[in-house]
Amino acid sequence: MTSTLKPPLKHMPYMDDPRFAMLQAACEREDQRKVAQRIGVSDSVISQVLRATGAYGSGAASPVRLFDKVEHKFGSYECPHLTEIYSESRVITAAECRTYAHRATAPIGSPGLMDHWRACATCPH
């Protein structure tokens, strides 16, 4: 698939953040407007960050909050609890991580899920 993204006008330090590459990849896989809708920002913000224009290009604005949203929507994490249980690296999507961590009630009917839920309380993700 050929990228339809316009190249940045200049290189900004934030472009070295791995979440910038995650944003680029998401916009290459699907329409930039859809990516913006999925993470709850305007299309113009995505465009300005990707092209280093506007406040992002001048350094007046930081894309950190945008990158956090990108990571939470498109990212994946190595789950410390699952990695410990299976004695090998277990990577889960950010959505799966939130499912384990943000249960409405404690899973008291399942000791395994309860252990996982408790582990989430101290997890850095």
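**Walking through the model**

Modeller: Let me start with a proline: Pro80 counts as partly exposed, at 40% relative accessibility. Keep in mind that this is a predicted model.

Colleague: Fine. Where does Pro80 sit?

Modeller: Pro80 lies in helix α6. If you skip its neighbours within four places in sequence, Pro80 is in contact with Cys123 and His125.

Colleague: And how many residues separate Pro80 from Asp16 in sequence?

Modeller: Pro80 and Asp16 are 64 residues apart in sequence, and C-alpha to C-alpha they are 26 Å apart in space.

Colleague: OK, on to the core. Which residues touch the most other members of the largest nonpolar core?

Modeller: Those are Tyr14, Leu23, Ile46, Val49 and Leu66, out of 20 residues in that core. The elements giving two or more residues to this core are α1 (18-29), α2 (32-39), α3 (43-51) and α5 (64-74). There's also another core lying apart from it, with 6 residues, including Tyr77, Cys79, Ala94 and Cys97.

Colleague: What does Ile46 touch?

Modeller: Not counting residues up to four places away in sequence, Ile46 touches Leu23, Cys27, Gln32, Val35, Ala36, Ile39, Val41 and Leu66.

Colleague: Now α5. Which of its residues are buried?

Modeller: The buried ones in α5 are Leu66, Phe67, Val70 and Phe74. Those residues are on the same side of α5, because they cover an arc of only 95° around the axis.

Colleague: What do the buried residues of α5 pack against?

Modeller: They pack against α1, α2, α3 and β1 (76-78).

Colleague: Let's take the α2 pair. At what angle do α2 and α5 pack?

Modeller: The angle is about 90°, and the axes of α2 and α5 are 9 Å apart. So α2 is roughly perpendicular to α5.

Colleague: Which residues meet there, between α2 and α5?

Modeller: From α2 you have Val35, Arg38 and Ile39, and they meet Leu66, Lys69, Val70, Lys73 and Phe74 in α5. By type, the residues of the contact of α2 with α5 are 5 nonpolar, no polar and 3 charged.

Colleague: What about Val64, where is that?

Modeller: Val64 is in helix α5. With a relative accessible area of 43%, Val64 is partly exposed. Val64 is 9.2 Å from Arg19, C-alpha to C-alpha, with the two 45 residues apart in sequence.

Colleague: Let's do a histidine. Where is His116?

Modeller: His116 is in helix α8 (residues 111-120). His116 counts as buried at 4% relative accessibility. Leaving aside neighbours within four places in sequence, the contacts of His116 are Cys79, His81, Leu82 and Tyr100.

Colleague: Back to prolines. Where is Pro8, and what is in contact with Pro8?

Modeller: Pro8 is in the segment before α1. Pro8 is in contact with Met15, Leu50 and Arg51, leaving aside its neighbours within four places in sequence. Its relative accessible area is 35%, so Pro8 is partly exposed.

Colleague: Last one, Thr99: buried or exposed?

Modeller: Thr99 counts as exposed, at 55% relative accessibility. Thr99 is found in helix α7 (residues 94-101). The C-alpha atoms of Thr99 and Trp117 are separated by 9.7 Å, with the two residues 18 apart along the chain.

Notes. Residues are numbered from 1 along each chain as its sequence is written. This is a predicted model: local features need pLDDT of at least 70, side-chain atom pairs count only at pLDDT 80 or more; totals for chains, interfaces and linings use all residues. Side-chain values use heavy atoms; hydrogens and water are left out. A nonpolar core is a set of buried Ala, Val, Leu, Ile, Met, Phe, Trp, Tyr and Cys residues joined through side-chain atoms within 4.5 Å. Buried means under 20% relative accessible area, exposed over 50%, partly exposed in between (1.4 Å probe, protein chains only). Helices (H or I, at least four residues) and strands (E, at least two) are DSSP runs, numbered from the N terminus. Contact means heavy atoms within 4.5 Å. The arc is that of the directions from the helix axis to the C-beta atoms. Axes are lines fitted to C-alpha atoms, for helices over the stretch in contact, and angles run from 0 to 180 degrees between N-to-C directions. Angles under 35 degrees count as roughly parallel, over 145 as roughly antiparallel, 65 to 115 as roughly perpendicular and the rest as oblique. Ala, Val, Leu, Ile, Met, Phe, Trp, Tyr, Cys and Pro count as nonpolar, Asp, Glu, Lys and Arg as charged, and the others, Gly among them, as polar.
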